[in-house]
Amino acid sequence: MNKSILQVRQLCKTFSSDGQQQHILTNLDIDIYKGDFTIIMGSSGSGKTTLLYALSGMDTPTLGKIIFQGTQIQNLSSDELANFRKKHCGFVFQSIYLLENMSIMDNVLTAGYLVSNNKPEIIKRAKELFLQVGLTEEIWRKFPSQLSGGEKQRAALIRSLINKPDIIFADEPTGALNSSTGKDVLDILTKVNQNGQSIVMLICLLHYPLH
Ligand SMILES: Nc1ncnc2c1ncn2[C@@H]1O[C@H](COP(=O)(O)OP(=O)(O)OP(=O)(O)O)[C@@H](O)[C@H]1O
């Protein structure tokens, strides 16, 4: 059986505003295993993004434990958490946050250089990844505004992969794409998973509560 890399125990998240409490996540237990493609479904507003923020240490839970490869991530300082995310997590979102003032290759390289000093190795890996997802040199030299939604999402996926993360968190990665480009992105995620990459994907479904 595969190794558990992320364990969530009795996770609760409550937001308070105007004296009102909103219990978004209640006593969630989750185990994410190495190499798995885990899909978490929930309706709009059910707390998927809240869960992703907690799992990746971008927000602190109200109660409960998140243990990543033996480390309880709530115990890390904000610098340690930022390092943890850089080294261990990759992110793909519905809104594609590429930097508009640089080519998509430079977007990917910039993310790689944050973690590694080995520039030739990062460049080699970026080129291989671009070719694997069907983006040729002509495309990787372009700026985000010159690309289709599907091409941009594939570039964002490469950026999430460049540092060989332990887990990719994909929050509705096909939400802004039409069905054919959305399928292309899902096919690529499936291929990446078949090569051993652990993926947690959040999908919005109507009328599907998380708890
Ligand atoms: N910082 C916050 N302060 C107060 N309430 C919040 C905060 N963040 C999220 N919420 C509330 O928590 C609930 C869950 O939000 P979340 O974004 O996690 O849902 P979601 O399942 O990702 O929704 P969608 O599929 O529409 O993106 C919503 O009612 C939202 O308004």
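1. Helices (H or I, at least four residues) and strands (E, at least two) are DSSP runs, numbered from the N terminus. Residues are numbered from 1 along each chain as its sequence is written. The model discussed here is predicted, and local features need pLDDT of at least 70, side-chain atom pairs count only at pLDDT 80 or more, while totals for chains, interfaces and linings use all residues.

2. A nonpolar core is a set of buried Ala, Val, Leu, Ile, Met, Phe, Trp, Tyr and Cys residues joined through C-beta atoms within 7 Å, and a residue is called buried if 20 or more other C-beta atoms lie within 10 Å of its own, exposed if 12 or fewer, and partly exposed in between, with C-beta atoms placed from the backbone. The largest such core has 49 residues, and the members that touch the most others are Leu-55, Val-108, Ala-126, Leu-157, Ile-158, Ile-162 and Phe-169. Helix α6 (residues 149-161) supplies the largest share of this core, namely 5 residues. In soluble globular proteins, nonpolar side chains tend to be buried together.

3. When residues up to four places away in sequence are not counted, Leu-157 touches Val-92, Val-133, Val-185 and Ile-188.

4. Next come the helix pairs. Two packed helices are described by the angle between their axes and the distance between the axes; the axes are lines fitted to C-alpha atoms, for helices over the stretch in contact, and angles run from 0 to 180 degrees between N-to-C directions. For helix α3 (residues 104-113) and α6, the axes come within 8 Å and cross at roughly 20 degrees. The two helices α3 and α6 are therefore roughly parallel to each other, where angles under 35 degrees count as roughly parallel, over 145 as roughly antiparallel, 65 to 115 as roughly perpendicular and the rest as oblique.

5. Which residues meet where α3 and α6 are in contact? On the α3 side they are Ile-104, Asn-107, Val-108 and Ala-111, and on the α6 side Ala-155, Ile-158 and Arg-159. The residues of this contact of α3 with α6 divide into 5 nonpolar, 1 polar and 1 charged, given that Ala, Val, Leu, Ile, Met, Phe, Trp, Tyr, Cys and Pro count as nonpolar, Asp, Glu, Lys and Arg as charged, and the others, Gly among them, as polar.

6. The axes of α6 and helix α7 (residues 179-194) come within 9 Å and cross at roughly 20 degrees, which makes α6 roughly parallel to α7. From α6 the contact involves Gly-149, Gly-150, Gln-153, Arg-154, Leu-157 and Leu-161, and from α7 it involves Thr-181, Asp-184, Val-185, Ile-188 and Val-192. By class, the contact of α6 with α7 has 5 nonpolar, 4 polar and 2 charged residues.

7. Asp-18, which is found in the loop between β1 (4-17) and β2, has a positive phi of about 50 degrees although it is not a glycine, and Asp-18 counts as exposed, with 4 C-beta neighbours inside 10 Å. Asn-27, placed in strand β2, has a positive phi of about 50 degrees although it is not a glycine, and with 12 C-beta neighbours inside 10 Å Asn-27 counts as exposed.

8. Ile-30 is found in strand β2 (residues 20-33) and is partly exposed, with 16 other C-beta atoms within 10 Å. The C-alpha atoms of Ile-30 and Arg-9 are separated by 6.8 Å, although these residues are 21 residues apart along the chain.

Note on methods: Contact = placed C-beta atoms within 7 Å.
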